Amino acid sequence: MTERIVVVGFGPVAARLVDELLPAVRGGLAHLTVIGEEAEAAYNRVLVADLGVGRTTASALALSDAAALIDGGVDVRLGVRVRRVDRARQQLILSDGTSPGYDRLVFATGSRPVIPNLTGLNPDPAAPVLPPGVTALRDLRDASVLQAAVAGGKRVVVLGGGVLGLETALAAAEEGATVTVVHNGPHPLGRNIDRGGGAVLAASLRNCGVRVAGNARSTGVEHNGPDGGFSALLLDDGSAIDGDLLVLSCGVRPRTELAEGCGLSTGAGILVDHKLRAHHEPHIFAIGDCAEVRCPDPECLQCRTARGPAGLVGPGWRQAEWLAGYLTLLASGAPDAEALLPLPAELPAVVVLKARGMNMAVAGDNDAEPWDEEALTAGAVNGRARLQIAQWADPEHGRYVKMTTRAGVLEGLVAVGMPRTAAELVQLFERGAELPADRSLLLRLDGPDQAASAGATDPERTVCRCAGVSGIRIAAAVTDGCGTVAEVSGATRAGTGCGGCHDDIKGIIEKHFQGAVA
């Protein structure tokens with residue numbers, strides 16, 4: 001019997017799951033329904049800021065073709081909202097009046113932007129009301145608002161010092177807008193980066209034309225602009241930051257309301273086990289930003305230190321690919337489906353920020369300072385080595401590197417303004433490889449004597465961490481005829497996530513054609 005699989009949500013993670021399930025649909029194993037609230041099929045939400053500053057197009061962000069999926073046998077329903085999940089009858093109640101049934105239900109509802117509780121804003125997470133001139137930059141319509149402001153050289157105020165906020169600020173400033181980043185705490189990326197790296201990062205942002213207002217607590221928004229639009233962000237010290245557009249970048253919150261409404265267990269996200277099954281409900285799964293992998297076993301050491309949903313597209317894609325294989329096995333009635341190894345645990349995330357004139361990579365635990373004896377010896381018991389810190393700073397030129405190691409292996413890193421050192425450190429961190437005893441060898445990668453060999457990096461390295469694509473695969477695609485980033489993305493999926501690897505992909509393409517000319 002054909003298995004009825006319903007996917008709720010049609011973002012990047014759901015799109016990957018649908019793509020991976022297509023062979024099961026074509027083979028008659030599964031009848032697949034995907035339900036999306038937006039009128040558009042899945043697109044790359046991570047690059048909405050690039051669309052907003054005119055660097056890309058809506059068509060270039062597209063990750064799925066609804067018409068092609070329908071032709072392939074997928075039931076695609078766009079602009080439709082799920083009102084309720086009836087677990088007893090295994091069916092959904094939709095806003096269009098229909099009630100599709102399911103044998104397996106997958107929540108891929110993603111997350112929604114956090115709306116701060118400021119005077120002049122409605123922070124209701126279910127129905128936020130944003131006044132004219134205020135956007136959370138989450139969808140294609142938000143991008144058009146930013147695009148109009150940037151095209152007009154307007155003043156843009158970004159509230160929030162996280163990665164997406166900084167990327168938006170840098171992109172808008174590069175395209176001609178006057179941009180101010182407002183954040184709480186002494187420096188941007190306060191949850192990811194140490195004090196020294198944060199100070200150099202803030203200085204680098206200013207050098208890139210972005211104004212930075214730190215240690216600022218917002219209290220409200222002023223609406224004295226044209227047609228009652230945004231005119232200023234009000235701070236608790238009585239000051240105000242004038243602007244024409246306010247971009248809210250205050251984080252995201254997993255969308256769990258549907259799951260909660262049908263009685264599923266939730267924490268930060270929808271609680272699932274290591275096979276992405278909802279707790280005590282074998283017919284329901286969750287993936288992506290809405291899913292929190294934390295199994296019911298209180299003895300599970302991995303779950304004891306779990307930190308909730310990753311909030312990154314790469315882990316979501318890996319969940320989608322694994323779940324597609326598992327659902328296919330279940331649909332086929334394979335007796336060994338339950339013997340399938342669970343989804344491997346994710347490695348600690350690497351935060352990368354790239355812009356013209358700026359490069360930063362941060363990963364792991366990097367809070368400890370070189371002379372903080374208490375922090376360095378914490379956890380050094382039963383023969384376990386203590387932490388060691390190697391640190392180098394050149395604030396005048398916007399350069400900073402910090403390596404936190406235990407027994408020579410990186411546990412945390414910060415690299416600002418040192419792109420080649422950052423690339424090498426990230427590789428070593430992801431592999432769990434030991435650093436050279438002389439840490440200064442890594443700093444020399446960004447020296448003038450290394451410029452000629454800048455492209456001589458390991459070809460097996462992972463160039464696109466979101467999609468897990470190596471330099472070898474990209475080079476093979478270029479050899480097979482791909483001559484642009486878009487063509488490489490179409491052939492390998494590299495570059496379809498955060499976009500941070502686009503320059504590396506361009507470098508591989510250019511290197512190939514330089515060799516051909518020679």
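Residues are numbered from 1 along each chain as its sequence is written. Because the model is predicted, local features need pLDDT of at least 70 and side-chain atom pairs count only at pLDDT 80 or more, while totals for chains, interfaces and linings use all residues; side-chain values use heavy atoms, with hydrogens and water left out.

We begin with a sheet. Strands of a sheet pair through backbone hydrogen bonds, either parallel or antiparallel. Here strands are DSSP runs of E with at least two residues, numbered from the N terminus, and two strands pair if DSSP finds at least two bridges between them. Five strands form an open sheet with parallel pairing, in the order S8-S15-S9-S10-S11. At its edges lie S8 (134-135) and S11 (210-213), each of which pairs on one side only. Within the sheet, S9 (residues 155-159) and S10 (residues 178-182) are joined in the parallel sense by five bridges. Val158 has Val181 in S10 as its bridge partner.

Strand S25 (residues 409-416) has antiparallel partners. Five bridges pair it with S22 (residues 358-364), and seven bridges join it to S24 (residues 399-406). Val414 in S25 stands opposite Val362, and Val414 is also the bridge partner of Lys402. S24 and S25 form a hairpin with two residues between the strands, where Ala407 takes a positive phi near 55°. Six of the eight residues of S25 are buried, so this strand is largely enclosed by the rest of the structure. Buried means under 20% relative accessible area, exposed over 50%, and partly exposed in between (1.4 Å probe, protein chains only).

Next come the cores. In soluble globular proteins, nonpolar side chains tend to be buried together. A nonpolar core is a set of buried Ala, Val, Leu, Ile, Met, Phe, Trp, Tyr and Cys residues joined through side-chain atoms within 4.5 Å. The largest has 75 residues, of which Leu92, Phe107 and Leu323 touch the most other members. A second, separate core of 41 residues includes Ala49, Ala172, Met360 and Val362.

A pocket is an open set of points on a 1 Å grid over the protein atoms alone, where a 1.4 Å probe fits, with protein on both sides within 12 Å along at least five of seven lines; lining residues have an atom within 4 Å of a point. Among the lining residues are Arg155, Phe230 and Asp244.

Terms used
Helices (H or I, at least four residues) and strands (E, at least two) are DSSP runs, numbered from the N terminus.
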